[in-house]
Amino acid sequence: MKSKFLDYNDHYELIQLTEDYLQELFRWMMEEKHFELYTCRPVNLPQSFDEYAQKTLNSTSEEKQKTYILIKKGAEKQPLGKITLFDFNTRNHSAEFGYYLPTHNRKKGLGNILLALFIEKAFSDNKLSLNKIYATTSSNNIPSIKLLEKFDFKLDGRLREHYWVNENKYDQLNYSMLKDEWRKIV
């Protein structure tokens, strides 16, 4: 199984977010029509690019989060998707992550590549010293559920009616992977 998930290293890479990519990520945010489907938290879009850039750079510099950008090697370094690690718990060696692909990059297999490269990076980073990574998703977000389950994330629990999208209520599903579990599949 190792080659299946890590062969992506030949064509793609995850790089840490820099200021160079902020304008494109901001554009994705402004063009997204369905943010309410992807988070249970209130959607507070920034009023301007400057506000977005300042908030993102502050979170990164204060090490509250680590954001990685998926790019294709040898190309013009155009971002294809992003994944962010946050809510670090140094005592319990865990962190949450969330990922995003803009509409034009969905249904192309890029989610598989993004997640495979990210899991390897998260568990091999000795400074982070992570034993567990976890993600949450809405019970109606079938592509996200399938992606997490494809990588053998375990369903840890369900928060009932935790997502309110317009007048619809959905459960929040909590998935996690332990470092030893990743080692077994790679």
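The structure is a predicted model, in which local features need pLDDT of at least 70 and side-chain atom pairs count only at pLDDT 80 or more, while totals for chains, interfaces and linings use all residues. Residues are numbered from 1 along each chain as its sequence is written, and side-chain values use heavy atoms, with hydrogens and water left out. Helices (H or I, at least four residues) and strands (E, at least two) are DSSP runs numbered from the N terminus.

Strands of a sheet pair through backbone hydrogen bonds, either parallel or antiparallel. Here, an open sheet is formed by seven strands in the order E1-E2-E3-E4-E5-E7-E6, with mixed pairing. Strand E1 (12-16) and strand E6 (154-165) are the edge strands, each pairing on one side only. From one strand to the next, the twist averages 25°.

Two packed helices are described by the angle between their axes and the distance between the axes. For helix H2 (residues 22-31) and helix H3 (residues 49-61), the axes come within 10 Å and cross at roughly 115°; axes are lines fitted to C-alpha atoms, for helices over the stretch in contact, and angles run from 0 to 180 degrees between N-to-C directions. H2 is therefore roughly perpendicular to H3, a class that covers angles of 65 to 115 degrees. The contact (heavy atoms within 4.5 Å) involves Leu 22, Gln 23, Leu 25, Phe 26 and Met 29 of H2, together with Phe 49, Tyr 52, Ala 53, Thr 56 and Leu 57 of H3. Classified by residue type, the contact of H2 with H3 comprises eight nonpolar, two polar and no charged residues. In this scheme Ala, Val, Leu, Ile, Met, Phe, Trp, Tyr, Cys and Pro count as nonpolar, Asp, Glu, Lys and Arg as charged, and the others, Gly among them, as polar.

Positive phi values also occur at residues other than glycine. Asp 87, placed in strand E3 (residues 81-89), has a positive phi of about 55°. Asp 87 is partly exposed, with a relative accessible area of 45%; buried means under 20%, exposed over 50% and partly exposed in between (1.4 Å probe, protein chains only). Asp 152 lies in the loop between helix H5 (142-150) and E6, and its phi is near 65°. Asp 152 counts as partly exposed, at 30% relative accessibility.

Methods:
Angles under 35 degrees count as roughly parallel, over 145 as roughly antiparallel, 65 to 115 as roughly perpendicular and the rest as oblique. Two strands pair if DSSP finds at least two bridges between them.
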